[in-house]
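Subject: Structure handover

Hi,

Here is the structure I promised to pass on. Please have a look at it first, and my notes follow below.

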There are 2 protein chains.
Amino acid sequence: MGKNLTTRSEDYSKWYNELVVKADLAENSGVRGCMVIKPYGFAIWEKMQAQLDKMFKETGHENAYFPIFIPKSYLSKEASHVEGFAKECAVVTHYRLKNAEDGSGIVVDEDAKLEEELIVRPTSETIIWDTYRRWVQSYRDLPIMVNQWANVVRWEMRTRLFLRTTEFLWQEGHTAHATREEAMEEAEQMMHVYAEFAEDHMGVPVIKGTKTESERFAGAEETFCIEALMQDGKALQAGTSHFLGQNFAKAFDVKFATKEGGQEYVWATSWGVSTRLMGALIMTHSDDNGLVLPPKLAPIQVVIVPIYKGMEQLDAISERIGPLVKELRSQGVSVKYDKRDTHKPGFKFNEYELKGVPLRIAVGQRDLANGTYEIARRDTLEKETVGADTVVAKVSSLLEEIQDNIYKKALDFRTSHITPVDSYDEFKKVLEEKGGFISAHWDGTRETEDKIKEETKATIRCIPFPPIKEEGKCMVTGEPSGQRVLFAKAY
Amino acid sequence: MGKNLTTRSEDYSKWYNELVVKADLAENSGVRGCMVIKPYGFAIWEKMQAQLDKMFKETGHENAYFPIFIPKSYLSKEASHVEGFAKECAVVTHYRLKNAEDGSGIVVDEDAKLEEELIVRPTSETIIWDTYRRWVQSYRDLPIMVNQWANVVRWEMRTRLFLRTTEFLWQEGHTAHATREEAMEEAEQMMHVYAEFAEDHMGVPVIKGTKTESERFAGAEETFCIEALMQDGKALQAGTSHFLGQNFAKAFDVKFATKEGGQEYVWATSWGVSTRLMGALIMTHSDDNGLVLPPKLAPIQVVIVPIYKGMEQLDAISERIGPLVKELRSQGVSVKYDKRDTHKPGFKFNEYELKGVPLRIAVGQRDLANGTYEIARRDTLEKETVGADTVVAKVSSLLEEIQDNIYKKALDFRTSHITPVDSYDEFKKVLEEKGGFISAHWDGTRETEDKIKEETKATIRCIPFPPIKEEGKCMVTGEPSGQRVLFAKAY
């Protein structure tokens, strides 16, 4: 088959939408804005989950589960929180259907109206801090280091698979601490954990930083973030970690007896990454032939395709492939041997390229005679022929090389797309012609930030961490500025 | 601390409710009927999930994810399905909140009413079969072997932690097949997988069988089940697997091109187990001292408690415990060394008994002098002293022994609580005085089944599989019967 994939240069956005569907990652469902994550896409997400879960546990967190429903009154308790989420809440108002009296079908039973409406969680701070009130009495009960893997719902008007969907899957960590310092350290730590995951496992370089006040999470006093850069020059926020101060403890009256015998409000953090990471993964590495996956997250790391005519040739190949598959699996490599006779090798090559399988091994008659294998890399499309005695070692080293290479390639792209500018005209020009991150001086006011956003659609992605200290003048107002911040158009 | 736990003989139901909370497994939330699963309880559920997921993958299934919302019209498409679920549906009618005009707070925005109401999934057959219509064209696309881990909502009037909650966690397998035989085999296979999991991992003996028509899943043609017996003599349905025939394929128009060139509707199964299994686990093994956990599912398998006065003694013990912990972990044993100085050993002993930790190792001054450890089993409460050279081997063998022993104990209890009866009077007497499963002849009619249920509250738990073939007469009507079925009162 041909891939019939729109190219990135033709239409990047269309290329992405097609790729997600054609590579069997996800598709739109019959429910507006909600996606179906298909088995191949979900297998990648499972690998992400497993690694993140391991990292959360290594940093002292445990998993728990809290209700999907949040009483409307809970949401109202933290003022800026409700303001942030009220406009995108799915609201449950009834708990029963019944047959319509006119026989027209099933209708909502108006006798089964809830006394208080329930919100399908857009995030769980409120229900969790209502619970923590029962869990915390004394400093001995702190810290609470809890994470939850869950689905959340935010009613979005414009949705795109993985990037912005009405329902999405995520994890949300919610920790409770005795001191401001400890909570701040935790929030910062989780930014580093996310960055490590993005870079070492997804192969996606990220910039760490904090958000400006206007871009902060609703209810946070500080938001740490990791920002990635896509191939079209747009930024993508890949994970956030919030220092919530005592806002939720005050809203839900969560106090603890201190060591010294006093009473104090508890300090909080929350942090999350979602299936949006799938979007970042796809857009960072993939090319016009389809998906490119980092070996660490690829559901199939190596696919073996036999090239044969007739069952006799196939049997001869299979006899040789059996022990190779076993050997690779024993080394922890996930291998698929695709001997389907319903499809030609060329079709299979295309299919696995489209699906981003890092290595493809082909075995034909000549290989059989010579005791060789042809190995093709997905990232560079390079092929080489290797002998039977070195094939296993070669697979291992190539998988590592691919993991490093795609990271390096993405990093090079990002490095060449951070442009320092010193005037607003230059800023607009770079934004228009090149995209990427633009490093500029800003006077620190909301007003200037809003003006830039309105005029150019670029936002401050982050105040980098560690800071780019440098004396300068705001490119818009000329007011003094002590550090550069990073602007970009963003997903 | 004393455990202050109501005993089973005092009030079994109260014992259960208290135990779930005191052992830190779960608690009620501020949302009616929805529970919070606490970290310790969730760690057990995670172990269940990991094992089940492994077994599903070994039997050829993949995970995927489908939307939480189901359009009302979808639910209506399969007649018996909507009848089964309409009365317990949480209904989303709006997608936005706003500030009340009179300033009284946040209210539902009536301008944001959905055109079609959405149901929070009570189960996913309808949304999944709407999706499968897009996935299936030809026999080459079959079978589809998909599982989903998800939360579901069924509006329950009376709820109990784990056993019956408005929201619960579960997995739901949904497979699609080209033939009736293949679908039937799959449905039956999953019953066997569930039984193996219950018995070999949870240590819960189960009876396999099929449901009578009245107890079948709404939309199924055959329901396979596993039934467990709790210590109070009541049965608990621990898992079900449904042969759905072509019902959902017809409702959602899912046809495939056969090898022979015809068009046929696809055959379906669905199967699920839920956090209800936690209830079965707790009620099968636990005692008046608290939880008893099978080693295979215990988050902590071994706890080590030092008995000391002053830091010098503690340091000497810790020096010896360090290498032991390392050695046990290297063998895959999960160990906790609890050297908190805020609690006395007696308090800790009680706490870990309450939490069902299978083995406790205590080390005091005499042990230090003699090079010994005191090991206590949670299941039998027996203690013994072992030397340093045998302790690791002893832990391994005891963990296996406990796993076997609690299964055997539960099996003995169940065996002694299957009572064959031949008259309705005897049936009522056994049900009243002893409980458990009652093996009796039934004429196969819904009428008789309903009469027995109405008069005694006992239901037919299953028609055992393989069948107990025996000629006899229905205990109520005297009509001929070719096999015995199992009755019980149930959770």
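To start with one detail, the side chains of A:K57 and B:E46 form a salt bridge, 3.1 Å from N to O (a salt bridge being a side-chain nitrogen of Lys or Arg within 4 Å of a carboxyl oxygen of Asp or Glu). Between chain A and chain B the count is four salt bridges. On the side of chain A that touches chain B, the residues are 38 nonpolar, ten polar and 16 charged (nonpolar: Ala, Val, Leu, Ile, Met, Phe, Trp, Tyr, Cys and Pro; charged: Asp, Glu, Lys and Arg; polar: the others, Gly among them).

A word on the source: this is a predicted model, where local features need pLDDT of at least 70 and side-chain atom pairs count only at pLDDT 80 or more, while totals for chains, interfaces and linings use all residues. Residues are numbered from 1 along each chain as its sequence is written, chains are lettered from A and ligands numbered from 1 in the order in which they are written, and side-chain values use heavy atoms, with hydrogens and water left out.

As for the whole interface, 64 residues of chain A are in contact with 64 of chain B (contact means heavy atoms within 4.5 Å).

How do the copies relate? A rotation of 180° with 0.0 Å of shift along its axis puts chain A on chain B, with RMSD 0.0 Å (least squares on C-alpha atoms of residues with pLDDT of at least 70 in both). The two copies are thus related as by a two-fold rotation axis. In chain A, the C-alpha nearest the axis belongs to A:V92, 2.1 Å away from it.

Best wishes
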